[in-house]
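Welcome! Here is a short briefing to read alongside the model.

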Amino acid sequence: TVAFFNRVNSLIDSSFVVLDVGCGRGAYAGDPVPIRKNLRILQGKVAKVIGIDVDQDAQNNTFIDEFHLIQDDSWPVDSNSIDLIVCDNVLEHIENPEQFFMEIQRVLRNGGFLCIRTPNRWSYIAIAATLIPNKYHSRVTSVVQESRQDEDVFPTVYKCNSTRKLKSIMKKSGFDCIAYGYEAEPSYLSFSNIAYFFGVLHQRFAPGILKPAIFAFGKIEKQIA
């Protein structure tokens, strides 16, 4: 979280309108680590933070200035109105990545930024999530992440969750971009000392293709007619 949002903060400007896609309820309000919490909060650092989500309860997020409910494939956001999009742990839930990136391309201004963090399809976390039916995800998550609420757990599909696929679709959408694997502390395994130990070994020795998270950043260059 610190690594990703440090990068996001390095891109923002006080004049920006930021779109938080899948903004959620702002559960990080209870984060006990001040530096991590403050990095995630963009409100007050930019002109406006707009949040959109499929969950009506996301309107209760206190760290956005404006909320709109996503009710179909078209986002309730004006075209060419956004300077920077944050898409944090959302892409793994998207059934139609092509339509998703069409909306990203539509709402971003020319020269706007896209910042994505998402699980790697080939990581042990995503493989475990794929093997476990979605209806059991809340139960499992309550064990490995005690602070995670049931209402913050959504079905996963992993349609665009490899660095290769993500780079490809971003380039097709007009982005000058980078996407790469990232591995931090194995927090998902902190429920067990033994599991955590093997997570640390994985962190040190696993090849890049298996790293649990993918970071992707892009700047869009639209064709001007």
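Helices (H or I, at least four residues) and strands (E, at least two) are DSSP runs, numbered from the N terminus. This is a predicted model, where local features need pLDDT of at least 70, side-chain atom pairs count only at pLDDT 80 or more, and totals for chains, interfaces and linings use all residues. Residues are numbered from 1 along each chain as its sequence is written, and side-chain values use heavy atoms, without hydrogens and water.

- In α6 (residues 163-172), Leu-166, Ile-169 and Met-170 are the buried residues (under 20% relative accessible area, with exposed being over 50% and partly exposed in between; 1.4 Å probe, protein chains only).
- These three sit on the same side of α6 because they cover an arc of only 100° around the axis, taken from the directions from the helix axis to the C-beta atoms.
- Arg-164, Lys-171 and Lys-172 are exposed on the other side of α6.
- The cover over the buried residues includes α3 (97-107), β5 (108-119), β6 (175-182) and β7 (213-220).

**The largest nonpolar core**
- A nonpolar core is a set of buried Ala, Val, Leu, Ile, Met, Phe, Trp, Tyr and Cys residues joined through side-chain atoms within 4.5 Å.
- The largest one has 31 residues, and those touching the most other members are Leu-19, Trp-75, Ile-85, Phe-100, Phe-101 and Leu-166.
- Elements giving two or more residues to this core include β1 (17-21), α3 and α6.
- With four residues, α3 gives the most to this core.

How values were computed: Contact means heavy atoms within 4.5 Å.
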